Amino acid sequence: MMRELATLMLYLTGLILVLRAPYALGVRASRPGWLAGTCGLIAIICLGFVVPVPTLDAAMGSMGYWNLLGATSTTLAFHFMYRAILIHTSKGSPPYYRRVLGLGIITYSAAFTMIAGEQNRFTSVEAFIAALIRQPWTALYLSIYLSLVAIIAALSLAAILSSANRSKIFVAGFSLVVLGNAVDVVLLWMQHFNVVSMALSTLLYSVYVSAFFSGAILLCLGFLRGSVRSLREFCTFLAYALRLRRILGRAGQDKRPLLDVARQPKIACYQMLIHVRDLVTLKGFALNTPEVSLTQKADALLIDSPIKSST
Amino acid sequence: MPLSRKSRALTTRALSELQLAPGMLAQDVVDAVATVLGKPIFLEQTVDERFKKTTGSFALTPDFALIVFRGIDPQAYQMHSLFHELGHLLCRHRECSRPGTQLETEALELVLWSEAEREAEFLAFKIASLISRKSRSIQAFG
């Protein structure tokens, strides 16, 4: 099941990377969301389903650092997701957040380096855990990492819940991530102290995988929803702006540069619609039937709420 | 026709007085201009026959400002006319001489592109583009 969910996540994070790139490059507020997708993609690659773990490990000096890279990129993916949520909800992070994040990453990285044993022999995360969980450093490394991710997810959830615009998809996504990681931390310590049966271990691990991955998938879908909506709006305004540009060309007006239209199609659409209307009103320029229909549709698209007389 | 240096300075100062933000609605802009003027602005959408030959106009009294705009125009054009009149108010112009019907003489063309009209029109486009941008909160996911 982990392979299927991780593959779906891979496609979704890849889509976030591609769809959000135009915004992220030009708009500062869009960057955390894009960086979250990028870090998420690295984290999924580190699971070993796309590039085999031994190949990844060899590329990183055969020291087992693929595992640490996976943990750090997951932490950073959630950190950037939290930054995006804070921008979306117009809230600030709690004091000491950055210090706790930095300290958390340093602590679990230090714990990771203390783990004894040849890590290059492992081909998956499961094999790594099964072989080394009895070591205190392994239990510490994994539980600090999972707890840190759970804390960031819980902070994101709190920010969403205290905002006026509560997105159900984000509430469900972050809740599932917190639940999944809490279950896995408990399971890891039970495995460390060898107080869990194989059946219960399998059950709890399944709960973790399904909760964490379905939560992360919901979060990706939540992020993508905004990108798809923006892309659709961009394309619609671009199509209208190009057609209005053609009308202005027919009226013998200077054509607006295409690059200018493509950069801000909504503003270009508004300005060209006003110019067309000026030509009709002030210079008697005649629109044909499809052009009249186009200007009416552009008008409806541009106005969020009509202006009313004062009461 | 580009704005003169004097007009550019005037419109830049007028815009800086306004606290415009992406995602604002037309009514928010009216409220912001009213704050700058220090008096309420009343809007009147009209289909009155006497108002056929202009897209919008304004009147400034000691207690309030009144903006009238032509109700038969498409919504976006009405909004632009409103922003144009707000531009006049921000520049402290005394009147709007923009016609709303076909120009018959070159003289009318000159009226349309007088300095005051160009300043108001420049501000109208500036206001529309400033509020048309996505708010920071929407930018986070799009």
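Tutor: Start with a definition. A nonpolar core is a set of buried Ala, Val, Leu, Ile, Met, Phe, Trp, Tyr and Cys residues joined through C-beta atoms within 7 Å. Buried means that 20 or more other C-beta atoms lie within 10 Å of a residue's own; 12 or fewer makes it exposed, anything in between partly exposed, with C-beta atoms placed from the backbone. This is a predicted model: local features need pLDDT of at least 70, side-chain atom pairs count only at pLDDT 80 or more, and totals for chains, interfaces and linings use all residues. Residues are numbered from 1 along each chain as its sequence is written, and chains are lettered from A and ligands numbered from 1 in the order in which they are written.

Student: Which residues touch the most other members of the largest nonpolar core?

Tutor: The general idea comes first. In soluble globular proteins, nonpolar side chains tend to be buried together. Here the largest core has 74 residues, and A:Met81, A:Tyr141, A:Tyr145 and A:Ala153 touch the most other members. Several helices of chain A give two or more residues to this core, among them α4 (65-89), α7 (136-161) and α9 (198-250). Helices here are DSSP runs of H or I with at least four residues, strands are E runs of at least two, and both are numbered from the N terminus. α7(A) supplies the largest share of the core, 16 residues. A second, separate core has 47 residues, including A:Leu244, A:Leu273, A:Ile274 and B:Phe83.

Student: With which residues is A:Met81 in contact, leaving aside its neighbours within four places in sequence?

Tutor: Contact requires C-beta atoms, placed from the backbone, within 7 Å. On that basis, and with those neighbours left aside, A:Met81 meets A:Ala36, A:Ser156 and A:Leu219.

Student: Is A:Ile115 buried or exposed?

Tutor: A:Ile115 counts as buried because it has 20 C-beta neighbours inside 10 Å. It sits in the loop between α5 and α6 of chain A. Beyond neighbours within four places in sequence, A:Ile115 is in contact with A:Leu132, A:Gln135, A:Trp137, A:Thr138 and A:Tyr141.

Student: How is chain A divided into domains?

Tutor: Domain bounds come from an automatic or database domain assignment. Chain A has domain 1 (2-230) and domain 2 (232-302). Their centres, taken over C-alpha atoms, are 46 Å apart.

Student: What does the secondary structure of chain B come to?

Tutor: Six helices and three strands. From the N terminus the order is α-α-β-β-β-α-α-α-α. Of the 142 residues of chain B, 35% count as buried.

Student: Why do the buried residues of α2(B) line one face of the helix?

Tutor: An α-helix has 3.6 residues a turn, so residues three or four places apart point the same way. The buried residues of α2(B) are B:Ala26, B:Val29, B:Val30, B:Ala32 and B:Val33. Down the axis they fall within an arc of 160°, so they line one face; the arc is that of the directions from the helix axis to the C-beta atoms. They pack against β1 (41-46), α3 (75-90) and α5 (115-132) of chain B. Just after α2(B), B:Gly38 takes a positive phi of about 80°.

Student: How many residues does the contact take from each chain?

Tutor: 30 residues from chain B and 35 residues from chain A. On the chain B side, β1, α3, α5 and α6 (136-139) of chain B each give two or more residues. α3(B) gives the most, with seven residues.

Conventions:
Contact = placed C-beta atoms within 7 Å.
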